[in-house]
Amino acid sequence: MSAAIGIEDLGKVFARGGDSVEVLAHIDLQIERGSFVAIVGRSGCGKSTLLNVIAGLIPPTSGCITFDGTLAAYPRADVGYMTQKETLLPWRTVLRNVSMPLELSGRSKIESESRARELLDVVGLAHAERRYPRELSGGMQRRASLARMLARDPHLLLLDEPFGALDAQLRADLQTELLRLWQGSQKTVIFVTHDIDEALMLADRVIVLREGGRIVLDRRVEFQRPRNLRAVRSEARFAEMHDELLVAIGEHASVA
């Protein structure tokens, strides 16, 4: 697979109260088209900042990002972003939340809502199109947000701990749903999580960041696809990689 995203010597420094805080340092990554990459690390290591820079929400202090070999220019219709906090608009129905990106791109209301209905059916919310966000469970809100992210058919999906606030069973259901939607789509996924199990069950590759925004491990994950998440957990390699990632993150010991 060819590289969809190139990140070269990327750095980000924030000014706080007269001091400078380095959040990302010398990030070099080539992310293959159609791959599923997870980024893990403790809170404050720069995971969300890296996604924000890739999405064009904040500029890097140094370095550059390329898409298909071309220097990134923003805004981009080919990037979808699902944050950890719920961003559905409370005054719009589920249908109109999902259709909103299409309406903003200039499509007619009829065309936008037709496509939104297709996506709601895909994520199992066809029955809830007339409800408002306050009338949805947490899992249904996440499904609606997923549908909205997919509305403009982006090539790159950025997900920042999208299932972190959900209970274990619901999280597992949505993990399976995400893999089903991604499999064979040729979309590239960058998935931020603090959960090592989640990273290993979903990703082709896991990147570990530590404080100061440094990459300390870049690990291929070669469990067979399509994946049965329960079967993946039972493999001996799962436990080995889990321990390796724990060490890299700094839970057990410092990286040599």
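## Helix H2 and its partners

Helix axes here are lines fitted to C-alpha atoms over the stretch in contact, and angles between them run from 0 to 180 degrees between N-to-C directions. This is a predicted model. In it, H2 and H3 pack at an angle of about 125 degrees. Their axes lie 8 Å apart. Angles of 65 to 115 degrees count as roughly perpendicular and those over 145 as roughly antiparallel, so H2 and H3 are oblique to each other. The crossing of H2 past H3 is right-handed.

From H2, the contact takes in Val 94, Leu 95, Arg 96, Val 98, Ser 99, Leu 102 and Glu 103. They meet Ser 112, Glu 113, Arg 115, Ala 116, Arg 117, Leu 119 and Leu 120 in H3. By type, the residues of this contact are seven nonpolar, two polar and five charged.

## Burial of H2

H2 spans residues 94-104 and is mostly covered. Eight of its eleven residues are buried. These are Val 94, Leu 95, Asn 97, Val 98, Ser 99, Met 100, Pro 101 and Leu 102. They pack against two helices, H3 (109-122) and H4 (138-150).

Just after H2 comes Gly 106, with a positive phi of about 105 degrees.

## Val 13 in strand S1

Val 13 sits in strand S1, which covers residues 3-16. Its relative accessible area is 32%.

Leaving aside residues up to four places away in sequence, Val 13 touches Ser 20, Val 21, Glu 22 and Thr 61. Val 13 and Gly 212 are 199 residues apart in sequence. In space, their C-alpha atoms are 9.8 Å apart.

Key
Residues numbered from 1 in each chain as written. Predicted model: local features only at pLDDT ≥ 70, side-chain atom pairs only at ≥ 80, totals over all residues. Heavy atoms only, no water. Buried < 20%, exposed > 50% of the residue type's maximum accessible area, 1.4 Å probe, protein only. Helix = DSSP H or I, 4+ residues; strand = E, 2+ residues; numbered from the N terminus. Contact = heavy atoms within 4.5 Å. Parallel < 35°, antiparallel > 145°, perpendicular 65-115°, else oblique. Left-handed = near helix turned anticlockwise from the far one by under 90°. Nonpolar A, V, L, I, M, F, W, Y, C, P; charged D, E, K, R; others polar.
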